[in-house]
Amino acid sequence: MRKLLLAIMLLCGLGIANAQFMQPIKVSVKCDKSSDTEAVITFSATISDGWHMYSTNVVPDGPTPTTINIEKISGAKLDGALAPSKAPIKKYEEMFGTDVYFFENTATFTQKVKLLGGKYEIEGYLEYGACNDENCIPPTAVDFKFDGEAPMPKAQEKKPEGKEEAKAPAAEETKAEDAEAEKVDVAEETAEAADTVAAEADVAGSEPAEGIWAPVIDQLKAFDEGGNSNAADSSLWTIFILGFVGGLIALVTPCVWPIIPMTVSFFLKRGTTRKSTEEEKAAAKKRGIRDAMLYGVSIVVIYVALGIIITAAFGASALNDLATNAVFNIIFFLMLVLFGVSFIGGFEIALPSKWNTAVDSKANSTTGLLSVFLMAFTLVLVSFSCTGPIIGFLLVQVVTSSLVGPIVGMFGFALALALPFTLFALFPQMLNSAPKSGNWMNVVKVTLGFVELAFALKFFSVADLAYGWGLLDRETFLALWIAMAALLGAYLIGWIRFPHDEDEYDEEGNVIVNHKTSIPRFMLALISFAFAIYMVPGLWGAPLKAVSAFAPPMKTQDFNLYEDNEVKPMFTDYEEGMRYAKEKGLPVMVDFTGYGCVNCREMEAAVFVDPAVAEIMTEKYVLIQLYVDDKTKLPEPVIVNDAGSQRKLRSVGDKWSYLQSSKFGATAQPFYVLLDADGNVLEKSYSYDEDVQKFHAWLNSGLARFAAK
């Protein structure tokens, strides 16, 4: 269990960074004709030391197997399945809790192909997973494309003779007609897919496109597109506050709070004895204050360094993909479940004890600034069982919010954690009035455990929505949250207890069964019960604005008594919506959203449902809603030029994400823009801002400009 937890934490930080910079697996691809009718595609992998690449074996709940995925094939067909050239290593792996199959150092996979005669073309990608003893890389794709020509089979070259064989040309003619029709269908399909992206976009090898896909970035700048920076600043302040609150919560956990008085007393009394003079004690106190301040700064440095590692691991272009990546969200779902169960007393999370011992002994044998820094590092390691879940929860919230989000979040967390050590050193008399350690700290842990379990469902929901699994609809999500809120209230009121809760004793040493509930616990229980009751109407479709940012969207609701109050988009396809707007002579509102976009749900619940706003959006605009994380496959992948490099669009979400970045120069969601039917901008774009009046005025401004054209 310890290795599993450590692996998950390292995957959040160092693991992904190492995977990006080290590139532990390098794969080369070639296609050789073994005969006139057969060819073999060979994938040769070079695996870095310590890493292993998983074989083709599909293991339930296991790692990503190596698979071949064909996107386009003509004049040929696959002959059998992808096969490794040698037997893989079979080993039980604690990270997955089952036997897995993998290769070390090198691996070779082959795929046989039958050539049908004439020109052939094969295009697709190899997907594989890889791990070392500490972390894994995300599923990786290696694209390939091969074409050529093979001799026609001899049977087709013979001229038909006689009555019986006279039927052959007719059959061949029919096949040829079918093949030709199939080519036409494929051509039409490809043309349609290309029309959705390539015909209106800047497709590789073509001239810059005009029309509804033409870039309007300069038009947006002309409307003074300065509001986005304010939104970004506001987002960073929110992340800082979230981190600071997380640090305050970590302070009152059993792993941190008892350490504060011991550490401060050590700094203030270090180097003194009972026989020390007043001057020596005053000098020691000054050194203690200095060391305590350096101790606090060291804590900040350590946690900010963690934020920098996370920032380096997740580049700006990868943030949106990670936000809706199934593996990413499932990993964090499992991580938060483990942390939540740990906090309510299921088991203890701890780093290897030898780490703590090694750093602690180094701190005792070292003097000066290094000694203080190592003491701070010891605190980070010793308190991991309490701070780890809070840090993990914080990171999964900010890693997909902003490129510098992890740094800002960790700075806020570390600042809150470090301040008491410095303040108590400056004002030691405050220690006398500080609350003493006790069972109340375990109540904080259990409460936080319930919060972690609740938010774990959010990450599972994102993966479920993006890939269309349909496993966690809105009713199920709300039912689980209602149950957890009620159970938390029951715990706070004293009706249920967990393993870490301490027994209370009377003066004679007997366990107090009917102990009194404190006023703070009663108030928290009241809030928890009230929250559970508040969510109950949501089971029948009530909007529930307070949780709309986290619950699945209303469209997953099976039974909805409030359906008439929901704002539904007229179109979920850009081209179709623009054609309709052209026919009806109406302006367009394009809503770039995402299944994993928290702020998008908040806008829909707080702003879109306003009667005046809803009326304008649905009656005076053509509302087009585009999900940038929709994993539905395109009929044909399309290659486009994106920022000077080629990019392959495989899914509907890829297509809308490319539209947003290439036409409007934006990547964040929510992102709203008003257009005319020719794709020209009517007003500056609108981002996350729950001011209903402001949004209403923005819509009216677009209508006025459209009428003036």
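How many bridges join β2 to β8? Nine bridges do, and the two strands run antiparallel. This is a predicted model.

- Four strands make up an open sheet.
- Their order is β1-β2-β8-β5, and the pairing is antiparallel.
- The edge strands are β1, residues 25-33, and β5, residues 76-84. Each of these two pairs on one side only.
- On average, neighbouring strands of this sheet are turned by 15° against each other, with direction ignored.
- Strands of a sheet pair through backbone hydrogen bonds, which can be arranged parallel or antiparallel.

**β1 and β2**
- β1 and β2 form a hairpin, and four residues lie between them.
- Nine bridges join β1 to β2, which covers residues 38-47. These two strands run antiparallel.
- Lys30 stands opposite Thr42 in β2.
- Asp32 stands opposite Val40 in β2.
- In a regular strand, side chains alternate between the two faces of the sheet.

**β2 and β8**
- β2 is also joined to β8, again in an antiparallel arrangement.
- Glu38 has Lys114 in β8 as its bridge partner.

- Asn105 sits in the loop between β7 (98-104) and β8 (106-115).
- Asn105 is not a glycine, yet its phi is positive, at about 70°.

Key
Residues numbered from 1 in each chain as written. Predicted model: local features only at pLDDT ≥ 70, side-chain atom pairs only at ≥ 80, totals over all residues. Heavy atoms only, no water. Pairing = 2+ DSSP bridges. Axes fitted to C-alpha atoms, helices over the stretch in contact; angles between N-to-C directions.
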